[in-house]
Amino acid sequence: MGLSNVDQQSKLIAYISNVVRSPVSLSGLKKLSGGAIQENWALDVYVETGDLAGHHEWVLRQDAASQVEASGGRAEEYQLLKVAKASGVEVPMTINLCEDKAILGQPFFLMHRLKGTAAGHVLTKGGEKLKLVRSLAQNLARIHSIDPIEQELLFLGEAPSNPALHSVTQYRSYLDAINAKQPAIEFGLAWLQENAPEPKRVTLCHRDYRTGNFMVNGGDLTGILDWEFSGWSDPMEDVGWICAKCWRFRGKDKEVGGLGPRQVFYKAYEQLSGHSINPEEIKYWEVMAHVRWATIACQQAARHYLGEELSLELALTGYLVPELEYEILKMTGKS
Amino acid sequence: MVKKEILTDLLSIARSVFLDEILEFVPDHKKYEALMIANAMAISSREEVLGKLDQPSPEFLDALSATLGQTNIQVETSIEIMRLAEFSTDSLKAIKLHQVLILEAERKVKISNPQYLK
């Protein structure tokens, strides 16, 4: 869709030209891999005159053809990136938000392109990456320093009093909405309901903080990406998400995103945030992570099977559900 | 059964030719899609032999009926039971249910990604 069309490219050139108040030329337009829910395009922009004169490497991010229910819009994600940047989180610098659907058919924003790779199978090759693990912990602590009184994030709505129970209700409704009958996921949801912890605090959570959603260049973290699921939650949800087995790619024995040991991550997080991590609580949130990913996988598969967006990738995502179910049951059973 | 064997054989040989003779000529930017196609062929081949992933096995439904004490139970009913406020994952019934669910989950993983169980 979108930018492979010459007409849309012309509209984009005109739009950028208007934003930077200069003639511009576009080159190197390429759809980036990943992003079943959003589309990301690399583009090289040459600005002829003015303050921004010169060559720029940018990314254009826009909605894919269809959405999953919990995914936020581009305007919200743009604002989240700005607030995160102001709080010291490594994120791409934003350039401009366009909500006018007449340009590309969907809202989009432009941001600087970061160096490095986010590919999980590349990042989890080889030995432990302790520096990266510490850096990820510190950046997560900075995200969790943002609390629900943040005026710039009012669009995120009211923070739930018990994020765990709120999620259980939400995921049941998501499954019902697509008529998914998944008893193993339901067993996990029943367990999560019974064992829900009382939250010690509710903060901004990225809610997709995992290998594959951050850029790394030469071993250094260059930026946290994909803020579309962000919201108010128990900060331990993000810790459970990045530690969950389902996000370790090639590094199954490295508990933090396939990159390194959880003790290193916990220590770096605790030092910067001043909040301790209870490993038992993280186990709870790792069950939640598998239940949530299984629910999202069902939703993504449904986008294909219900004909919203025919896609082999979405169809195959549905085939991840059995192994997620298997993990959920291994973590929750007494049999 | 004969039909299944023929289909499985065709898919297997098609996948083998695709991986051994075609994949190397696929440009890098389309490799991911090519590997997805090979994966889809492998899953489809296993589904022909082991049953469709989106349909519960008859053994699972029988075990579910026995565990929950209802004849010809539907998956929907088990979900309704698990959503009841009084359902406890610590109860004896839940422990038996868990055993049934994990067997069915294993069956499904053998179709979707048998490597995962190794």
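This is a predicted model: local features need pLDDT of at least 70, side-chain atom pairs count only at pLDDT 80 or more; totals for chains, interfaces and linings use all residues.
Chain A is built from 12 helices and nine strands. Its radius of gyration is 20 Å, close to the 20 Å that the globule rule gives for 335 residues, so chain A is as compact as a globular protein of that length. Along the principal axes, the C-alpha atoms of chain A fill a box of roughly 65 × 45 × 40 Å. Of the 335 residues in this chain, 48% count as buried. The contacts of chain A can also be viewed by sequence separation: among those between residues at least 6 apart in sequence, 69% join residues at least 24 apart.

The domain assignment divides chain A into domain 1, covering 23–112, and domain 2, covering 120–332. Taken over C-alpha atoms, the centres of domain 1 of chain A and domain 2 of chain A are separated by 24 Å. Their contact takes 24 residues from domain 1 of chain A and 28 residues from domain 2 of chain A. On the domain 1 side, the largest share is that of helix H2 of chain A (residues 74–86), which supplies seven residues. By class, this side of domain 1 of chain A comprises 12 nonpolar, eight polar and four charged residues.

The description now turns to the contact between the chains. Here 29 residues of chain B are in contact with 23 residues of chain A. On the side of chain B that touches chain A, the elements giving two or more residues are helix H2 (31–50), helix H4 (75–83) and helix H5 of chain B. Of these, H5(B) gives the most, with 10 residues. The residues on this side of chain B divide into 16 nonpolar, eight polar and five charged.

Tyr116(B) lies in the segment after helix H5 (92–112) of chain B. Leaving aside neighbours within four places in sequence, Tyr116(B) is in contact with Glu323(A) and Val109(B). Tyr116(B) has 14 other C-beta atoms within 10 Å and is therefore partly exposed. The C-alpha atoms of Tyr116(B) and Leu53(B), residues that stand 63 apart along the chain, are separated by 16 Å.

Two loop residues of chain A deserve a look for their backbone angles. Arg21(A) has a phi near 55°, a positive value in a residue other than glycine. This residue is placed in the loop between helix H1 (6–20) and strand E1 (24–31) of chain A. Because Arg21(A) has 12 C-beta neighbours inside 10 Å, Arg21(A) counts as exposed. Phe249(A) likewise is a residue other than glycine with a positive phi, near 50°. Phe249(A) belongs to the loop between helix H8 (236–243) and helix H9 (262–273) of chain A. With 20 other C-beta atoms within 10 Å, Phe249(A) is buried, because 20 or more such atoms are needed for that class.

Key: Residues are numbered from 1 along each chain as its sequence is written. Chains are lettered from A and ligands numbered from 1 in the order in which they are written. Helices (H or I, at least four residues) and strands (E, at least two) are DSSP runs, numbered from the N terminus. Two residues are in contact if their C-beta atoms, placed from the backbone, lie within 7 Å. Ala, Val, Leu, Ile, Met, Phe, Trp, Tyr, Cys and Pro count as nonpolar, Asp, Glu, Lys and Arg as charged, and the others, Gly among them, as polar. The radius of gyration is taken over C-alpha atoms; the globule rule is 2.2 Å times the number of residues to the power 0.38. Domain bounds come from an automatic or database domain assignment.
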